[in-house]
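Visitor: Please take a close look at a single part of this structure, and then lead me on from there.

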Amino acid sequence: MSTVIYVPGDAGALSLGAGEVAQAILAEARRRGAEIALVRNGSRGAYWLEPLVEVVTPAGRMAYGPVSSADVPGLFAADFLSGGAHPLAHGLADSIAWFKGQQRLTFERVGVVDPTSVADYVKYGGFRALTRALSLSGADIVQAITASGLRGRGGAAFPTGIKWKTVLDQRTAQKYITCNADEGDSGTFADRMLMEGDPLSLIEGMIIAGVAVGATQGYIYLRAEYPHALRALQTAIQAATQAGYLGDNVAGSARRFNLEVRLGAGAYICGEETSMLESLEGKRGEVRVRPPLPAIKGLFGQPTIVNNVITLASVPWILDHGAEAYANFGSGKSRGTLPIQLAGNIRRGGLIERAFGLSLRELLYDYGGGTATGRPIRTVQVGGPLGAYIPASQFDTAVDYEALSGIGALLGHGGIVVFDDSVDMARMARYAMEFCAIESCGKCTPCRIGSTRGVEVIERIIQGIDTERNVQLLEELCDTMVQGSLCGLGGMAPFPVQSALKHFREDFRART
Amino acid sequence: MQTRAVPEKDIVRRIVTERRGRPGPLLEILHAIQGELGYIPGGAVPQVAEGLNLSRAEVHGVITFYHYFRRSPPGTHTVQLCQAESCQAMGAEALAEHARARLGIDFHETTANGRFSLEPIYCLGNCACSPALMIDGQLHGRVTPERFDALIAAGEKGT
C-alpha cells in the first residue's frame with residue numbers, strides 16, 4: 001500500500017516552491033524505495049505555512065510546513081511517511097488552530113480534495129445538490145437561494161435570489177449563466193483558490209443555476225493573469241463532461257448544460273458586469289448604460305445571470321444543507337459565511353472563511369498576528385482598490401456589509417490589505433487615482449479625465465504647492481467623480497482618496 | 001530572428017477560419033494569435049477585420065483597449081511585476097526600482113539583447129505572498145531583490 005502525500009498545486013503555493021518540493025519528494029522516495037502516491041491538492045489558504053505538505057496516516061492527515069525542497073531528506077529521515085516528529089510538524093492538519101475556528105462551507109473541499117477528480121468530489125459530498133436540484137422546479141431552487149440570504153460575493157452584494165428570479169421570469173429560448181472570474185482587486189485571491197482547489201463546486205453551482213432558470217450555456221470569464229486557474233478549470237470541465245454532468249444529458253436528466261472558459265485580457269474594468277458582457281462578446285470592455293439589466297438583456301441581448309465565482313460555488317452547499325442552515329450563519333442582513341482574504345503586510349496571511357460579524361481586530365491580530373515587518377498596523381484597505389482606508393481606531397468594526405458601510409467603507413470581495421506605519425497615505429491616494437486613470441474604459445468624462453486631474457492635484461499637494469486650495473480642489477473633484485461617473489470605477493475610486501484625506505490628513509503636505 | 005516555417009499571415013488566416021463561427025470570437029482570435037506569434041502584428045488587423053466582417057478600426061480598438069495584447073514582439077522572457085496595493089505594502093516600488101536598474105529598462109520596454117520584457121501588472125492574486133511577480137507564466141511570491149537577481153540570472157543562461 002503506498003502512502004498518499006498531498007503537495008499543493010495552487011499557484012500561491014507554487015510561488016513559494018511547492019513544485020520543487022513535490023519533485024524532491026518523488027526523487028527521495030525513489031532513492032529510498034518508498035512507495036508513495038502524490039496528489040496535487042489546492043491550498044487550504046494558510047499561506048504562511050505554504051508549501052504545506054500533508055501525509056495520510058491511520059490517524060488522519062499529518063501536516064508539515066512551510067517545507068522547502070532542502071527539508072525533504074530530513075522529513076524522510078524523521079519518518080514523516082508515518083507522521084513522525086519533525087520541527088516542521090503541526091500534527092493533524094484539521095487541528096491547526098488557524099483552521100480550527102473557521103467555518104468552511106464554500107471552501108470545505110478546497111485544499112482537501114484532488115481538484116481533478118470527479119470521484120473525489122463526489123466522495124466529499126459533491127453533486128448531491130445537483131441531484132436535489134433536478135428533483136425541484138426552477139421556482140423552488142430560486143426560492144431556496146432567496147431564503148438563504150445569499151448576496152453577490154463579487155462586491156456589489158445584490159441578493160442572488162432576486163437576480164435569478166428575474167432571469168427565471170423571462171420568456172426567451174436562450175438564456176445564459178455567466179461567471180465573473182475577473183478577480184482584479186488587489187488583496188483578493190478567493191476566486192483563484194477556489195477555481196484551482198475545487199473547480200467542480202463552481203461548475204456544479206453553474207449547472208444548478210442553469211437548471212433553475214432554464215439556461216443551457218454557461219461562460220466563465222476568467223482573467224488572463226490566472227493561467228493556473230485556467231488549466232484547473234479546463235481539466236475539471238473535461239472531467240465533468242466525461243462523467244456526464246455537463247453536456248446534452250446532465251446527470252441523466254435529459255437536460256442540457258454546456259460550459260466554457262473565456263479569457264479576459266488584462267482590463268480591470270471587465271470585473272464590472274456590463275463591461276464583462278461586452279468583453280465576452282469580443283468587444284472593448286466598455287460599460288453599458290443600465291437599464292436594461294443584464295438579467296433582462298445581457299449576453300448577446302439575452303437574459304443572463306452574472307454571478308461571482310464565490311456566489312456560484314456557494315450554491316451547492318446551500319441546496320445540499322438547506323437555505324436555513326446557510327442563513328443561520330452571519331449577522332443582520334449579511335447571511336452565511338465570507339471567505340476573507342488577509343493580504344499585504346501581514347504575518348499570517350491567507351484565506352479565512354467565517355460567518356459575517358467577526359471584527360477586523362480579530363482578523364488582523366488573532367488570525368494575522370500583526371504585520372510581517374513587526375511594525376504597528378497603521379491602516380487597512382478593505383474591498384480592493386476602490387475600498388476605503390480604515391484607521392486603527394475603527395478596527396473593532398464588524399466585517400459585514402452594513403457595519404462597514406456604516407463607517408463609510410465597503411466590504412467588496414472580502415480582501416483586506418494591511419499596511420504598517422511606514423505607509424505614506426498621500427502616495428496611496430495618488431495611486432488610487434493613477435490606477436483609475438490606467439483602467440478607465442474612457443466612456444464617461446468624470447472617470448476618464450477626473451482620475452488624471454486627480455493624480456495631478458495630489459502631486460501638487462505632495463510638492464507643497466498651494467496645499468490648502470489643492471486639498472479643497474481634490475475634495476470637489478472626488479465629489480464630482482462619485483456623483484457623475486457611469487459605473488463603480490470612477491464612482492468609487494475616490495473612496496480611498498476621501499478616506500485617506502479624512503483619517504490621515506497629516507500626510508497631505510509637502511515632503512521634506 | 002529565426003524565420004518561421006509557416007508565414008505569419010497563413011497562421012492568422014488559419015486561426016480566423018477556425019474560430020470565426022463561434023459566438024463573439026474576436027477576443028479568442030486575438031488570444032490565439034498572440035499565443036502563437038507572441039504578439040499581434042499590424043498586418044493581422046486587416047486580415048482579422050475582413051474575416052469577421054468588422055472594420056479595421058474596430059479590431060484596432062479592441063487590441064488597444066486591453067493591456068494584455070502586445071503590438072510588438074516580446075523579449076524571450078516576460079517579467080510581470082505586480083504594482084498593486086498589497087505588493088506595495090511589501091515593498092513593490094523598491095523592487096520595481098531594483099528591476100529597472102538590474103535590467104536597464106523601464107516598464108513596457110525590452111532589453112537590447114531581446115532577452116527580457118518588463119511589464120507592470122495589477123494583481124496576480126498572490127496577495128498573501130507579496131511582493132509577487134510572474135515570469136513566463138510562473139508565479140513567484142515574497143520576492144526579494146536577491147531572488148529577483150537569481151531568477152534573471154536563470155533566464156540569462158537558459159533559452
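Guide: Pro131(B) is found in the loop of chain B between the strands β3 (116–121) and β4 (133–135); helices (H or I, at least four residues) and strands (E, at least two) are DSSP runs, numbered from the N terminus. The model is predicted, local features need pLDDT of at least 70, side-chain atom pairs count only at pLDDT 80 or more, and totals for chains, interfaces and linings use all residues. Residues are numbered from 1 along each chain as its sequence is written, chains are lettered from A and ligands numbered from 1 in the order in which they are written, and side-chain values use heavy atoms, leaving out hydrogens and water.

The peptide bond that leads from Ser130(B) into Pro131(B) is cis, with omega near -5°. Chain A also contains a cis peptide bond, joining Pro291(A) and Pro292(A) with an omega of about 5°. Pro292(A) lies in the loop that runs between α12 (273–280) and β9 (304–308) of chain A.

Another loop of chain A, between α11 (227–242) and β8 (258–263), holds Ala251(A). This residue is not a glycine, yet Ala251(A) has a positive phi of about 50°. Ala254(A) has its place in the loop between α11 and β8 of chain A, and although Ala254(A) is not a glycine either, its phi is positive, at about 65°. Ala251(A) is partly exposed because its relative accessible area is 40%, while Ala254(A), at 65%, is exposed (buried means under 20%, exposed over 50%, partly exposed in between; 1.4 Å probe, protein chains only).

The meeting of the two chains comes next. Chain B has 37 residues in contact with 59 residues of chain A (heavy atoms within 4.5 Å). About 3500 Å² is buried between chain B and chain A, and carbon and sulfur atoms give 59% of that area. Phe65(B), Glu85(B) and Tyr122(B) supply 20% of what chain B buries against chain A, more than any other three residues. Buried area is the accessible area (1.4 Å probe) that two parts lose on being put together, summed over both.

Two salt bridges are found across the interface of chain B and chain A (a side-chain nitrogen of Lys or Arg within 4 Å of a carboxyl oxygen of Asp or Glu). Glu28(B) forms a salt bridge with Arg262(A), their closest N and O atoms being 3.0 Å apart. On the side of chain B that touches chain A, α2 (26–37), α4 (56–65), α5 (85–88) and β5 (138–140) each supply at least two residues.

Finally, consider the aromatic rings. Rings of Phe, Tyr and Trp (its six-membered ring) pair if their centres lie within 6.5 Å; planes under 30 degrees apart count as stacked, over 60 as edge-to-face and the rest as tilted. By this rule there are 21 aromatic pairs over all chains. In one edge-to-face pair, Tyr121(A) and Phe127(A) lie 5.0 Å apart, centre to centre, with 80° between the planes. Tyr121(A) is buried because its relative accessible area is 1%, and Phe127(A), with 3%, is buried as well. The ring centres of Trp317(A) and Phe329(A) are 6.4 Å apart and the planes stand at 75°, so this pair is edge-to-face. The pair links distant parts of the chain, 12 residues apart: Trp317(A) belongs to helix α13 (residues 309–321) of chain A, and Phe329(A) to the loop between α14 (323–327) and β10 (330–331). Trp317(A) counts as buried, at 10% relative accessibility, whereas Phe329(A), at 21%, counts as partly exposed. Trp48(A), Trp98(A), Phe99(A) and Tyr367(A) form one aromatic cluster.
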